[in-house]
Amino acid sequence: MDNKTMTMAASQRLLKKSNKSALQKEKRGKYLVLASALLIITATIAITIFLGTKGLQAFISNGVSLYEFLTSTKWNPTAENPLYGAVPFILGSFAVTILSALIAAPLGIGGAIFMTEIAPSWGKKILQPVIELLVGIPSVVYGFIGLSVLVPFLRDTVGGQGFSLLAGMIVLSIMILPTVTSIATDAMSSLPKGLRESSYAIGATRWQTIWRVLVPAAMPTLLTAIVLGMARAFGEALAVQMVIGNVRSLPSAITDPSATLTTIITLNMGHTTFGSVENNVLWSLALILLVMSFIFILLIRYLSSRRQF
Amino acid sequence: MKTVMEPKRTNTTTEQQPRSEKTETKPAALDVKHLNIYYGENHAVKDVSFSIEKNAVTALIGPSGCGKSTFLRSINRMNDLIPGAKSTGEIQYDDVNLIGDDINVVALRKEIGMVFQKPNPFPKSIYNNIVHALKFNGIRSRKKLDGIVEESLRKAALWDEVKDRLHESALSLSGGQQQRLCIARTLAMKPNILLLDEPASALDPISNAKIEDLIMELKKEYTIVIVTHNMHQASRISDKTAFFLNGVLVEYDKTDRIFTNPSKKDTEDYITGRFG
Amino acid sequence: MNSKVADRIATTIFYLIAATIVTVLVGLLGYILFHGFSKLNIDFLTSPSSSFRAGGGIGNQLFNSFYILFLTMVFTVPLGLGGGIYMAEYARPGRLTNAIRTCIEVLASLPSIVIGMFGLLMFVNLTGWGYSILGGALALTVFNLPVMVRVCEDALRTVARDQKEASLALGITHWHTIKTVLLPAAFPSILTGAILASGRVFGEAAALLFTAGLTTPTLDFSNWNPFDSTSPLNIFRPAETLAVHIWAVNTQGLIPDVREVADGSSAVLIISVLLFNLLARWIGSVVHKKITASK
């Protein structure tokens with residue numbers, strides 16, 4: 001202690017009221033970082049409010065029927081008697097999402113099991129970077145390859161134009177594959193070791209262990225992986241738009257062209273006048289996207305509350 | 001000297017004064033009165049009262065989880081970092097209660113320094129490890145900093161070993177040297193009290209011995225409170241020993257008395273190695 | 001016996017799945033690089049694009065992409081650091097913390113086209129800027145912020161607790177400890193995460209369609225006055241990025257050499273993203289070595 005401070009009583013040295021300036025600096029730092037954190041809340045609320053009001057405008061100020069919007073399959077906002085039935089796009093979005101999940105889920109979970117159970121030593125070394133690189137490929141590149149390779153291929157093999165629900169499904173399933181695989185891998189590797197050992201100890205084969213013990217135990221997280229992949233598929237715009245064909249009618253087969261919420265927004269947002277009815281109904285479609293991403297989050301929350309390991 | 005305080009839960013204001021009747025009176029550096037520490041539901045330190053002497057080494061012994069480290073960490077308020085930790089009672093230091101909400105913990109930790117079980121130097125040079133906190137406190141003059149670095153390294157008996165490589169990484173030092181660097185770094189703050197949390201337990205026997213020699217040297221200038229698992233270490237270096245069990249201070253007395261003629265059965269059992 | 005056969009079949013299937021995944025990646029990368037590499041030359045990379053004729057380059061788009069990326073990171077890194085520091089060091093369990101966490105989750109899972117539309121509303125119409133680089137960068141900030149907050153929070157949380165205790169026990173304030181002990185220790189992971197996030201921002205297109213736009217005015221690369229309308233640095237001009245360009249030439253393009261331009265652009269985009277990836281790993285390991293090794 002310096003002589004000067006030594007002569008002071010501890011109450012003069014150690015109480016908060018005796019040296020405020022240092023504590024003020026400390027508080028300033030805290031408020032600074034709190035402000036950045038609050039900005040995240042602000043942004044989220046702003047997005048919800050802006051998209052909410054804008055998305056409801058078509059129904060409130062333009063008199064579009066919400067019932068027609070959600071039940072009719074006829075979409076033609078520029079006709080003399082404009083029609084605003086969003087069903088083809090809503091169904092289209094759900095169709096590509098579910099179909100792509102049907103492909104990506106077994107592949108992704110299979111890949112995860114390969115990395116954690118079948119070949120943990122070298123499998124992970126190969127697949128991990130592959131997955132990371134797949135995540136890094138921008139969606140327009142997926143779309144472009146779909147357009148220049150997959151669509152002609154489908155045209156030649158299954159017939160039709162090639163632009164189809166099928167093409168969208170394939171492109172999306174590859175796009176969401178890394179998401180599903182990496183989360184499924186985390187799920188499998190966080191299972192306790194004892195689970196495997198006790199199953200092998202009673203004479204089960206590796207497949208029996210995987211199928212009867214490990215997969216059921218990891219199920220909530222595996223489902224989370226699939227739901228996260230579906231959320232990504234549901235919201236993807238450009239890659240799907242480039243291969244799906246973008247028609248306004250309901251597809252009757254998987255090889256028919258189709259459209260989704262995102263593709264119709266992508267195509268028409270730039271062509272319609274801001275504030276017009278045709279433009280406002282696009283915001284209503286965007287509101288459905290927003291609501292769906294909230295639903296996906298609720299679903300994920302529910303699943304993670306059921307996590308066992 | 002009365003060694004064990006009966007639990008007194010009701011008030012902390014009225015104060016019994018048994019320690020004034022001890023024979024060799026050294027002034028108290030810290031006066032602990034009815035200290036209780038909780039981690040959430042866990043009552044980790046239970047109604048502990050005793051006083052820690054100035055310029056002496058006080059050893060805190062007891063089995064793992066007995067509350068001795070928790071107690072030590074409450075003196076310089078390191079427990080504040082643990083969510084859900086709560087303390088009641090008093091640790092009187094000069095004219096303030098260290099447990100109080102009005103304590104500026106930053107100023108407190110400069111006066112009551114702490115060295116941890118595992119050496120934890122910053123990944124910086126030896127020199128910068130020592131000046132890190134000095135610069136924060138506004139000491140900028142190179143000459144002054146150099147002086148303090150040398151002084152504290154000498155005090156920590158490390159100067160001769162590192163004087164030619166002050167600007168090398170602290171991580172290049174051996175474990176024992178790193179721990180002495182951590183002590184030097186704390187001494188550079190010119191503290192009044194040193195809290196040592198098992199400072200030698202992670203080290204080899206030779207480093208261990210060096211740390212013990214160092215502690216014997218340092219007690220001339222500083223009040224030292226040391227937590228140790230090592231019974232021999234406690235008996236070699238400390239003047240007073242406090243034995244904790246399940247959060248309770250079972251016995252507190254001069255070290256030689258604790259180790260030769262403890263008044264409690266639990267103490268005897270522990271130091272003769274029957275448990276812990 | 002039966003179960004052994006099933007086991008063998010299952011194992012084979014898992015090998016096939018792994019092989020499929022690897023094949024998909026190798027196929028994708030191989031296709032892009034094989035087709036695109038031959039198009040890559042200095043002229044293609046530096047000359048401006050053409051709206052109608054063949055032979056256009058991607059010079060402007062490449063510049064726009066990096067410029068928007070740069071601005072986005074200028075906005076996101078400090079905000080992400082702030083948010084990450086708050087979440088890792090100050091947030092106490094409670095309502096506010098839960099709310100922030102939920103919002104991070106919501107923002108991170110929003111479709112990028114929705115973020116683009118929010119950008120259109122906020123940074124194009126409300127501000128009256130029209131399509132602009134700044135608007136695009138701000139939309140991408142919203143897109144990138146949750147990622148950066150998570151990167152910074154995780155990086156700070158992995159710093160060893162004893163470093164923080166060491167600093168606090170010396171009587172250094174929490175804030176100063178964060179600045180001088182925790183952030184330097186977390187720096188390699190933050191840098192790695194930021195570069196990986198850059199790759200993601202670099203390839204993003206949907207959020208930019210309605211914010212930075214699909215056009216680029218004629219740029220005069222000798223004019224570096226950021227307030228001049230022909231200056232590349234002007235943040236209030238519209239700017240088509242490379243990723244947007246790939247989409248635009250394929251779906252709305254009139255140029256005859258769509259395939260060539262798209263092949264080349266995709267190759268550039270992929271190579272850039274790969275470089276971001278490699279750079280992140282390399283810097284991460286170099287800085288890590290530098291910090292831990294003796295100097």
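This is a predicted model: local features need pLDDT of at least 70, side-chain atom pairs count only at pLDDT 80 or more; totals for chains, interfaces and linings use all residues.
Me: In what order do the six strands of the open sheet in chain B lie, and which strands form its edges?
Reply: The six strands of this open sheet of chain B have mixed pairing, and neighbouring strands are turned by 15° against each other on average, with direction ignored. The order is β6-β7-β8-β3-β9-β10. Each edge strand pairs on one side only, and in chain B these are β6 (112-115) and β10 (248-254).

Me: How do β3 and β8 of chain B run, and which residue of β8(B) is the bridge partner of B:Val57?
Reply: In general, strands of a sheet pair through backbone hydrogen bonds, either parallel or antiparallel. Strand β3 (residues 57-61) and strand β8 (residues 223-227), both of chain B, run parallel and are joined by four bridges. Within β8(B), the bridge partner of B:Val57 is B:Ile224.

Me: Which strands does helix α1 of chain B touch, and what angle does its direction make with that of β7(B)?
Reply: Helix α1 (residues 68-75) of chain B packs on the sheet, where it touches β3, β6, β7 (193-197), β8 and β9 (240-245) of that chain. The angle between the direction of α1(B) and that of β7(B) is about 150°.

Me: Is helix α10 of chain A roughly parallel or roughly perpendicular to helix α1 of chain C?
Reply: Two packed helices are described by the angle between their axes and the distance between the axes. Helix α10 (residues 206-235) of chain A and helix α1 (residues 2-37) of chain C pack at an angle of about 75°, their axes lying 7 Å apart. Because angles of 65 to 115 degrees count as roughly perpendicular, α10(A) is, relative to α1(C), roughly perpendicular.

Me: Which residues make the contact between α10(A) and α1(C)?
Reply: The helices in question pack with their axes 7 Å apart. On the side of α10(A) the contact involves A:Arg206, A:Trp207, A:Gln208 and A:Ile210, while α1(C) contributes C:Ser3, C:Ala6, C:Asp7, C:Ala10, C:Thr11 and C:Phe14.

Me: Is A:Thr116 buried or exposed, and what is its relative accessible area?
Reply: A:Thr116 lies in helix α5 (residues 87-118) of chain A. Leaving aside residues up to four places away in sequence, A:Thr116 touches A:Thr185, A:Met188 and A:Ser189. Since buried means under 20% relative accessible area, A:Thr116 is buried, at a value of 14%.

Me: What span does helix α6 of chain A reach, and which of its residues are buried?
Reply: Helix α6 (residues 123-136) of chain A has 14 residues, and from its first C-alpha to its last it reaches 20 Å, close to the 20 Å expected at 1.5 Å a residue. The buried residues in α6(A) are A:Gly123, A:Leu127, A:Val130, A:Ile131, A:Leu134 and A:Gly136.

Me: How many helices and strands does chain C have, and what share of its residues counts as buried?
Reply: Chain C has eleven helices and zero strands, and its C-alpha trace spans about 70 × 70 × 45 Å along its principal axes. Its accessible surface comes to about 12300 Å², with 67% belonging to carbon and sulfur atoms. Of the 295 residues of chain C, the share that counts as buried is 56%.

Conventions:
Residues are numbered from 1 along each chain as its sequence is written. Chains are lettered from A and ligands numbered from 1 in the order in which they are written. Side-chain values use heavy atoms; hydrogens and water are left out. Two strands pair if DSSP finds at least two bridges between them. Helices (H or I, at least four residues) and strands (E, at least two) are DSSP runs, numbered from the N terminus. Axes are lines fitted to C-alpha atoms, for helices over the stretch in contact, and angles run from 0 to 180 degrees between N-to-C directions. Contact means heavy atoms within 4.5 Å. The expected span of a helix is 1.5 Å times one less than its number of residues. Buried means under 20% relative accessible area, exposed over 50%, partly exposed in between (1.4 Å probe, protein chains only). Accessible areas come from the Shrake-Rupley method with a 1.4 Å probe; for residues, only the protein chains shown count as cover. Angles under 35 degrees count as roughly parallel, over 145 as roughly antiparallel, 65 to 115 as roughly perpendicular and the rest as oblique.
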